[in-house]
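Open the model in a viewer and keep the selection tool at hand. The stops below say what to select next and what is there.

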Amino acid sequence: MASSPNVWNCPFDYAEALEFDPTLKRLLDEEPVARIRLPYGEGEAWLVTRYEDVRTVTTDRRFSRHAVIGRDFPRMTPEPIVQDEAINVMDPPASSRLRSLVSKAFAPRHVDRMRARTQHVVDELLDRMTEYGAPGDVMEHLAAPLPLTTICEVLDIPEADRARLRGYARTMMNTSLDNRDAAVRAKAEMREYFATLTAHRREHPGDDLISALATARDGDEILDARELTVMAMVLLITGQDTTTYQIANLSYTLLTRPEELAALRAHPERLPQAIEEMLRFIPFRKGVGIPRVATEDVELSGVTIRAGDIVHVSYLTANRDSRKFDRPDELDLDREKPSHMTFGWGGHHCLGAPLAVTELEVALGSLLDRFPDLKLAKPAEEVRWNETSIWRYPLALPVTW
């Protein structure tokens with residue numbers, strides 16, 4: 001490992017609510033390529049925080065995701081969430097083949113069908129919230145059930161299995177040390193479930209995303225049984241947790257900024273652009289994800305990273321880099337198409353982003369449309385935030401109308 005005079009201990013504890021993590025801010029400003037120590041895993045790693053450096057690490061073939069397999073790399077969770085065969089630890093050209101196959105399942109015609117289904121689910125959920133009466137909870141009535149329902153509809157997961165699968169996903173995301181054995185078990189049981197389900201869909205394809213993946217062809221190429229199993233797992237985990245938390249975070253952000261909310265109500269057609277800016281602005285997760293390994297010596301921002309070193313990137317800080325964004329710490333809903341990194345970058349940009357954005361647009365648009373005088377039911381400082389997982393989100397978001 002290359003040595004550095006300063007090693008930052010990075011538990012990446014929460015800042016207040018959706019405030020930006022002060023340690024990350026310091027690293028971006030003072031030491032953009034820094035040595036860090038994380039709660040789990042062996043040794044130290046580099047953390048790269050500037051937009052251009054993050055772009056280099058995520059697109060340059062000299063940094064390998066695949067090389068982390070088998071290493072006890074520094075990380076946020078006791079057990080690595082990632083599967084060895086998953087697309088998110090592949091390098092090109094292996095990942096390119098898989099991405100090409102998977103992207104066919106997210107073709108515009110499929111996403112349009114998903115949008116119609118999402119709208120139907122949102123309308124049902126908001127009907128129920130209206131019947132329940134004020135005050136209601138955006139987290140309970142909309143954010144928590146919608147993405148799980150939508151991704152399970154899209155994957156055609158039987159209703160009876162959904163709560164169990166959500167439990168597996170939550171267990172795998174938990175950052176507590178005493179959760180390690182449960183996380184290992186949850187990962188194995190989820191994998192077994194999807195191995196059976198995907199094999200059945202291969203034999204009896206339907207009109208769902210797993211069937212689309214099972215039958216997708218690129219010339220003679222198809223996904224093999226293991227790839228299909230792991231891809232279905234990745235889609236379920238990433239397709240529900242993150243969108244749940246972002247619906248709540250976006251709602252909180254607007255409900256605590258009356259001017260921005262009023263402007264958006266006056267011009268609802270600006271919602272897609274406003275969502276992109278909020279995705280840039282909101283520090284949606286705690287810390288870092290899957291690292292890469294340098295395959296040769298590389299210099300970034302005047303620092304030499306040695307071959308074999310583990311390198312983490314921070315998409316959160318890249319989204320707040322003043323070299324890329326004017327007034328990066330301001331939420332500006334009129335900002336033109338911010339090229340944010342919330343869905344990752346390069347060869348590991350989130351394949352499910354079109355579905356996630358569709359859900360956010362439908363959920364937020366319908367919520368604002370249905371409840372013209374929606375507001376928080378308690379002071380913002382009384383909203384309680386999650387402290388046990390890698391995601392940042394309010395545990396409940398009580399509202400009245």
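This is a predicted model: local features need pLDDT of at least 70, side-chain atom pairs count only at pLDDT 80 or more; totals for chains, interfaces and linings use all residues.

Start with H120, which sits in helix α4 (residues 108-132). Helices here are DSSP runs of H or I with at least four residues, strands are runs of E with at least two, and both are numbered from the N terminus. H120 is partly exposed at a relative accessible area of 38%; buried means under 20%, exposed over 50% and partly exposed in between, with a 1.4 Å probe and protein chains only.

Residues are numbered from 1 along each chain as its sequence is written, and side-chain values use heavy atoms, with hydrogens and water left out.

Most residues other than glycine have a negative phi, and most peptide bonds are trans.

P135 belongs to the loop between α4 and β5 (136-137).

P93 is in the loop between β4 (63-64) and α3 (94-105).

Select A17, in the loop between β1 (7-9) and α1 (22-30). With 19% relative accessibility, A17 counts as buried.

Look for S301 in the loop between β7 (298-300) and β8 (303-305). Is S301 buried or partly exposed? Its relative accessibility is 36%, so S301 counts as partly exposed.

**Two helix pairs**

Two packed helices are described by the angle between their axes and the distance between the axes. Axes are lines fitted to C-alpha atoms, for helices over the stretch in contact, and angles run from 0 to 180 degrees between N-to-C directions.

Select helix α6 (residues 145-155) together with helix α10 (residues 225-255): they pack at an angle of about 155 degrees, and their axes are 8 Å apart. That makes α6 roughly antiparallel to α10; angles under 35 degrees count as roughly parallel, over 145 as roughly antiparallel, 65 to 115 as roughly perpendicular and the rest as oblique. To show the contact (heavy atoms within 4.5 Å), display L146, P147, L148, I151, C152 and L155 of α6 with A232, L235, L236, G239, Q240, T243, T244 and I247 of α10. These residues divide into ten nonpolar, four polar and no charged. Ala, Val, Leu, Ile, Met, Phe, Trp, Tyr, Cys and Pro count as nonpolar, Asp, Glu, Lys and Arg as charged, and the others, Gly among them, as polar.

Next, select helix α12 (residues 271-281) and helix α14 (residues 353-370), which pack at about 115 degrees with their axes 10 Å apart. The two helices are therefore roughly perpendicular to each other. On α12 the contact uses L271, P272, I275, E276, M278 and L279, and on α14 it uses V357, L360, E361, L364 and G365. The division here is eight nonpolar, one polar and two charged.

Select V54 in helix α2 (residues 51-59). V54 is buried, at 0% relative accessibility. Leaving out residues up to four places away in sequence, V54 touches V48, T49, V313, S314, Y315, A318 and M341. G344 is 290 residues from V54 along the chain, with 9.7 Å between the C-alpha atoms.

Then select H348, in the loop between α13 (315-318) and α14. H348 counts as buried, at 18% relative accessibility. Beyond its neighbours within four places in sequence, the contacts of H348 are R65, I87, N88, V89, M90, R99, R292 and F343. T58 is 290 residues from H348 in sequence, at a C-alpha to C-alpha distance of 7.5 Å.

**Last stop: cysteines**

How many disulfides are there? The count is zero, where a disulfide is a pair of cysteine sulfur atoms within 2.5 Å. Select C350, which is partly exposed at 29% relative accessible area. The closest cysteine sulfur to that of C350 is in C152, 16 Å away and too far for a bond.
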